[in-house]
Amino acid sequence: MPKNIFKEVFYGARSNRRNYCSMPVISAVAYARYSSDKQQESSIVVQLAAIKQFCQRHNVQIVREYIDEAQTGTSANRINFQKMVSDVQLKDFQYIIVHRM
């Protein structure tokens, strides 16, 4: 995890004194996909919800979502998957979060 990336978080709202703690901010993108023959479109909603819950628990900020609908997992030749791979060069996220592989 890169150093010097911190977010100040306020806690102790009832106190007159402000208490701050530094928590590292981790940036990530979410990737979700469903296969037309095995899953339904609602699978994307379920996957993204699980990814968002995970990210909230682990102080991960999702900067972008990539979704491939009705795409097989046996090939990496998926439009948004390839876009995500090329966007790695932008260096505006550290991790790719998926629900299951």
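Q: Is aspartate 87 buried or exposed?
A: The model is predicted, so local features need pLDDT of at least 70, side-chain atom pairs count only at pLDDT 80 or more, and totals for chains, interfaces and linings use all residues. Residues are numbered from 1 along each chain as its sequence is written, and side-chain values use heavy atoms, with hydrogens and water left out. Aspartate 87 lies in helix α2 (residues 79–87); helices (H or I, at least four residues) and strands (E, at least two) are DSSP runs numbered from the N terminus. Buried means under 20% relative accessible area, exposed over 50% and partly exposed in between (1.4 Å probe, protein chains only), so at 7% aspartate 87 is buried.

Q: Which residue meets aspartate 87 in a salt bridge?
A: A salt bridge requires a side-chain nitrogen of Lys or Arg within 4 Å of a carboxyl oxygen of Asp or Glu. The N to O value is 3.1 Å, and the partner is lysine 83.

Q: Which residues are linked with Lys83 and Asp87 in a network of salt bridges?
A: The side chains of arginine 64 and aspartate 92 also meet in a salt bridge, at 3.0 Å from N to O. Arginine 64 is in strand β4 and aspartate 92 in the loop between α2 and β5, so this pair ties together parts 28 residues apart in sequence. Arginine 64 is partly exposed at 26%, as is aspartate 92 at 34%. The residues linked with Lys83 and Asp87 are Arg64 and Asp92.

Q: How many residues apart in sequence are the parts tied together by glutamate 65 and lysine 52?
A: The structure holds 4 salt bridges, and one of them joins the side chains of glutamate 65 and lysine 52 at 3.3 Å, N to O. Glutamate 65 lies in strand β4 and lysine 52 in helix α1, so the separation of the parts they tie together is 13 residues.

Q: How many bridges join β3 to strand β4?
A: Two strands pair if DSSP finds at least two bridges between them. β3 runs parallel to β5, with 4 bridges, and valine 29 stands opposite isoleucine 96 in β5. Valine 29 also stands opposite arginine 64 in β4. β3 and β4 (residues 60–68) run parallel as well, and the number of bridges joining them is 8.

Q: How many residues make up the largest nonpolar core?
A: A nonpolar core is a set of buried Ala, Val, Leu, Ile, Met, Phe, Trp, Tyr and Cys residues joined through side-chain atoms within 4.5 Å. The largest includes Ile26, Leu48, Cys55 and Ile97; β3 (26–33) and α1 (42–57) each supply at least two of its residues. Apart from it lies another core of 5 residues, among them Val29, Tyr31, Met84 and Phe93. The size of the largest core is 11 residues.

Q: How many of the 8 residues of β3 are buried?
A: Serine 27 has its place in strand β3, and its 13% relative accessibility is why it counts as buried. Contact means heavy atoms within 4.5 Å; leaving aside neighbours within four places in sequence, the contacts of serine 27 include Gln61, Asp92 and Tyr95. β3 is mostly covered, and the number of its residues that are buried is 7.
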